[in-house]
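Walk through this chain with the coordinates open. Start with confidence, then move to fold, packing and surface.

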Amino acid sequence: MTKYAGLRALVIGGATGAGLAVAKLLVEGGARVLLTGGTPGELADAAAEVGSAVCRAPDAAPATVAAALGGV
């Protein structure tokens, strides 16, 4: 599926629950995703579960998003 191919997304609270489910759908659709929220361990586990199109960061500061995705 390439519904989201070429798109970049920021998922706040993406380490668990609904945020993680949204991140999975976005990645399956071809998007690059930045996950924030949760503990460093939760973020690492979520990124491993979702796949290689995921970056993780402790916050959603503009500089963090720009460094990880080049913008959203």
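Helix H1, residues 17-28, has the highest mean pLDDT among the elements of the chain, at 94. Helix H3, residues 62-69, has the lowest, at 86. This is a predicted model, so confidence comes before detail: where pLDDT is low, the predicted coordinates should not be read in detail. For the chain as a whole, the mean pLDDT is 90. Of its residues, 99% reach 70 or more.

Now trace the fold. The chain holds three helices and three strands. Read along the sequence, they follow the pattern β-α-β-α-β-α. Helix H3 is one of the three helices.

Next, the overall dimensions. Along its principal axes, the C-alpha trace spans about 30 × 25 × 20 Å. The radius of gyration is 11 Å. A compact globule of 72 residues would come near 11 Å, so the chain agrees with that expectation.

As for burial, 33% of the 72 residues count as buried, with the cut-off at under 20% relative accessible area.

The accessible surface of the chain is about 3900 Å². Carbon and sulfur atoms contribute 60% of that area. The chain carries 5 positive and 5 negative charges.

Conventions:
Residues are numbered from 1 along each chain as its sequence is written. This is a predicted model: local features need pLDDT of at least 70, side-chain atom pairs count only at pLDDT 80 or more; totals for chains, interfaces and linings use all residues. Side-chain values use heavy atoms; hydrogens and water are left out. pLDDT is the predictor's confidence in each residue, from 0 to 100. Helices (H or I, at least four residues) and strands (E, at least two) are DSSP runs, numbered from the N terminus. The radius of gyration is taken over C-alpha atoms; the globule rule is 2.2 Å times the number of residues to the power 0.38. Buried means under 20% relative accessible area, exposed over 50%, partly exposed in between (1.4 Å probe, protein chains only). Accessible areas come from the Shrake-Rupley method with a 1.4 Å probe; for residues, only the protein chains shown count as cover. Lys and Arg count as positive and Asp and Glu as negative; His and the chain ends are not counted. The place of a charge is taken as NZ of Lys, CZ of Arg, CG of Asp or CD of Glu.
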